[in-house]
Amino acid sequence: MKKIIIAIDGYSSTGKSTIAKRLANALEYGFIDTGAMYRAVTLFALNNGWIIDKKVNTEALLLELPNIQLKFVPNTELGKSEMYLNGTNVETKIRKMEVSENVSQIAIIKEVREKLVALQQEMGLEKGIVMDGRDIGTVVFPDAELKIFMTASPKTRANRRYKELLDRGDQVTFDEVLKNVRERDYIDSNREISPLKRASDAIEFDNSDMGLDDQFERIYNYTLRVIDKS
């Protein structure tokens with residue numbers, strides 16, 4: 001069976017990574033969570049004190065950007081790959097609220113996007129991957145054979161994220177999470193470089209009122225049809 005590139009874009013907390021990971025497992029494809037890459041750079045900046053009140057010391061970050069090493073390392077026990085930053089597993093740390101509140105500020109930096117896009121394109125050279133993010137179908141792989149754009153209402157997405165954070169033991173309020181979701185939507189959609197938008201040939205998939213299994217079955221079956229036609 002011919003291998004293709006599957007690009008899944010969309011707003012924060014739409015479940016892109018969950019669906020992409022499950023789809024990759026079912027197809028025996030590689031899975032790339034590009035959001036984790038931007039989160040890792042954000043964590044690096046936070047650890048160095050380069051983000052204060054959501055303002056980034058871009059000059060300091062860019063000086064160290066060539067030295068930032070990102071790698072997805074398989075975790076056989078969990079059955080997934082985890083993000084490593086300069087040789088250290090940061091998978092748990094990059095999911096914290098502090099990172100979520102600042103990642104959009106890092107993602108608007110031109111040099112950061114150029115570095116990460118180049119890495120992402122290299123990962124997809126041999127195809128057979130499912131990649132999720134904000135600009136996969138528009139910038140990273142504009143010729144991807146299948147593009148999906150996931151969306152849901154802000155309150156639905158905030159509720160999902162809120163429950164996820166509580167399950168991890170984070171002390172947050174729903175209003176904080178909703179505010180963060182709306183702020184990220186605005187920044188991601190209005191940034192100058194690679195703004196979040198649906199590719200003209202992407203399928204829009206609103207999962208506001210859908211369960212995970214239903215979402216997966218619909219996307220998986222459609223994917224098989226696309227692969228058969230490729």
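User: Which elements do the buried residues of helix 10 pack against?
Analyst: This is a predicted model in which local features need pLDDT of at least 70, side-chain atom pairs count only at pLDDT 80 or more, and totals for chains, interfaces and linings use all residues. Residues are numbered from 1 along each chain as its sequence is written, and side-chain values use heavy atoms, with hydrogens and water left out. Helices (H or I, at least four residues) and strands (E, at least two) are DSSP runs numbered from the N terminus, and contact means heavy atoms within 4.5 Å. The buried residues of helix 10 pack against strand 1 (5-10), helix 1 (16-27), strand 9 (146-151) and strand 10 (203-206).

User: Which residues of helix 10 are buried?
Analyst: Buried means under 20% relative accessible area, exposed over 50%, and partly exposed in between (1.4 Å probe, protein chains only). The face turned away from the buried side carries the exposed residues D213, D228 and K229. The buried residues of helix 10 are Q215, F216, I219, T223, V226 and I227.

User: How many residues of helix 2 are buried?
Analyst: Helix 2 covers residues 34-47. Among its buried residues are M37, Y38 and F44. Helix 2 is mostly covered, the buried count out of its 14 residues being twelve.

User: Which residue caps the N-terminal end of helix 2?
Analyst: The cap uses a side-chain oxygen, 3.1 Å from the backbone nitrogen of G35. At the N-terminal end of helix 2, the capping residue is D33.

Terms used. Expected span 1.5 Å × (residues − 1). Polar contact = N/O pair within 3.5 Å; in protein donor to acceptor, adjacent residues only side chain to side chain.
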